[in-house]
Amino acid sequence: MSILALFTSNEILGLTILKTVWFRTLFTALLAAAFTQWLNNTLTKEREKEKKLKETFSTFYGNIIPEIYDFFNVQTDFRKGSSLKIGVVPEEIKERILGIISQNMPYVNSEIHMAYRKVITNKYFDDQSGFSHDTDEINLYHTIVEEYIKLIEKHEVKEVSSDVKYACLLLIWKNIVKNCGGYEMAYAAISEHRNFDVTKLNKENLEKLKKLDAFNDDERDAKFRGILKELIAHNDMDDKNKKEFLKKFFTHNVEENDSAAISKLNNLDLNPGEITIELRVLYRQKLLSNLYKSKYNTSRVSQEDSLYTRQQFLNFHNELKNAINYWKEKGMLKIKYEEDTVKLIITAIGEDYYEENIYPF
């Protein structure tokens, strides 16, 4: 039999089989089984995705978002925390935020993970600029809120205007910290956020704020000032007061306080009366001097001069807080947080500075 004849014969046999009832029945059954398997796999994957999404909202975002908003509200309260209940410590809120992330890594995407690792890595290095660690922390909080908003909008979970407001405020805070240097120095400006037009803390301005990092300092300041002007455009302040208001967002702001109250803290003796620049310099130097002396004094009592409970540390007078943060930003001291205590530690840089400049005190 020729090859052509064999091919023709097989082709006829194949067509014959295809036309048989049993083959059509078998083919239909196989097709139905394959479709059923595909459908089951697809539905299973959809159910798993839906389950993980619900867990992400309830287990991760449901716990961390309130903590971020609480931390912002506590740190930027215009009454400087005077209305806080006893035992509320901002540092503890920060630690809870980091703990929630570390315990819920399956629900953390790459953007949040990168921002989180930056904050964790910062713990091993000195902050040479004095405030870049602060901006990294704020960036982490904003990244989490930003990803939360994206998920809500993608799955139509709820309305997001309140979350967009906080996303805007966090980026405003981050830019003030850059301008003024650290949480404390930025406080005078960010505590004024109650004067913003809330309706302007919207997606349009959020996009503008997100783009600020792409500009050099002068361009960033100009664009940031433009956003701030828009936020207070309908405020009742006159032009002069608006100008003064905006200055706070671009310069260091050291709060003036009554020296009589200051002098009661840590035996840092200051004469009662108005705090002058000269007096503030002496106050800062006295603080560094005390830390240096307590480090090298073998007396237990002396060494405990730089050790405080968390509540004592929280209740420090604002002038002392400013002095501590001034030296911290200069790299002269570190703040060591433990379970129930806070310790101020002079650094090697601080010792060199003291030995060269402050030894008469």
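Predicted model: local features only at pLDDT ≥ 70, side-chain atom pairs only at ≥ 80, totals over all residues.
Start with helix α8 (residues 203-210) and helix α9 (residues 217-231), whose axes come within 10 Å and cross at roughly 160 degrees. Angles over 145 degrees count as roughly antiparallel, and α8 and α9 are therefore roughly antiparallel to each other. Their crossing is left-handed. On the α8 side, Asn-205, Lys-208 and Leu-209 take part in the contact, and they meet Phe-224, Ile-227, Glu-230 and Leu-231 of α9. Sorted by class, this contact has four nonpolar, one polar and two charged residues.

Glu-230 also forms a salt bridge with Lys-200, with the closest N and O atoms 3.9 Å apart. Lys-200 lies in the loop between α7 (182-190) and α8, while Glu-230 is in helix α9, so this pair ties together parts 30 residues apart in sequence. Lys-200 is partly exposed, at 24% relative accessible area, and Glu-230 is partly exposed at 22%. A network of salt bridges links Lys-200, Glu-204, Lys-208 and Glu-230.

The loop between α8 and α9 holds Asp-213, which pairs with Lys-178 in helix α6 (residues 161-180), 35 residues apart. The two side chains meet in a salt bridge of 2.6 Å, N to O. Asp-213 is partly exposed, with a relative accessible area of 41%, and Lys-178 is partly exposed with 29%.

Glu-351 belongs to helix α16 (residues 348-358) and Lys-295 to helix α12 (residues 277-296), so the pair ties together parts 56 residues apart in sequence. Glu-351 counts as buried at 10% relative accessibility, whereas Lys-295 counts as partly exposed at 43%. The whole structure has 18 salt bridges.

Key
Residues numbered from 1 in each chain as written. Heavy atoms only, no water. Axes fitted to C-alpha atoms, helices over the stretch in contact; angles between N-to-C directions. Helix = DSSP H or I, 4+ residues; strand = E, 2+ residues; numbered from the N terminus. Parallel < 35°, antiparallel > 145°, perpendicular 65-115°, else oblique. Left-handed = near helix turned anticlockwise from the far one by under 90°. Contact = heavy atoms within 4.5 Å. Nonpolar A, V, L, I, M, F, W, Y, C, P; charged D, E, K, R; others polar. Salt bridge = Lys/Arg side-chain N within 4 Å of Asp/Glu carboxyl O. Buried < 20%, exposed > 50% of the residue type's maximum accessible area, 1.4 Å probe, protein only.
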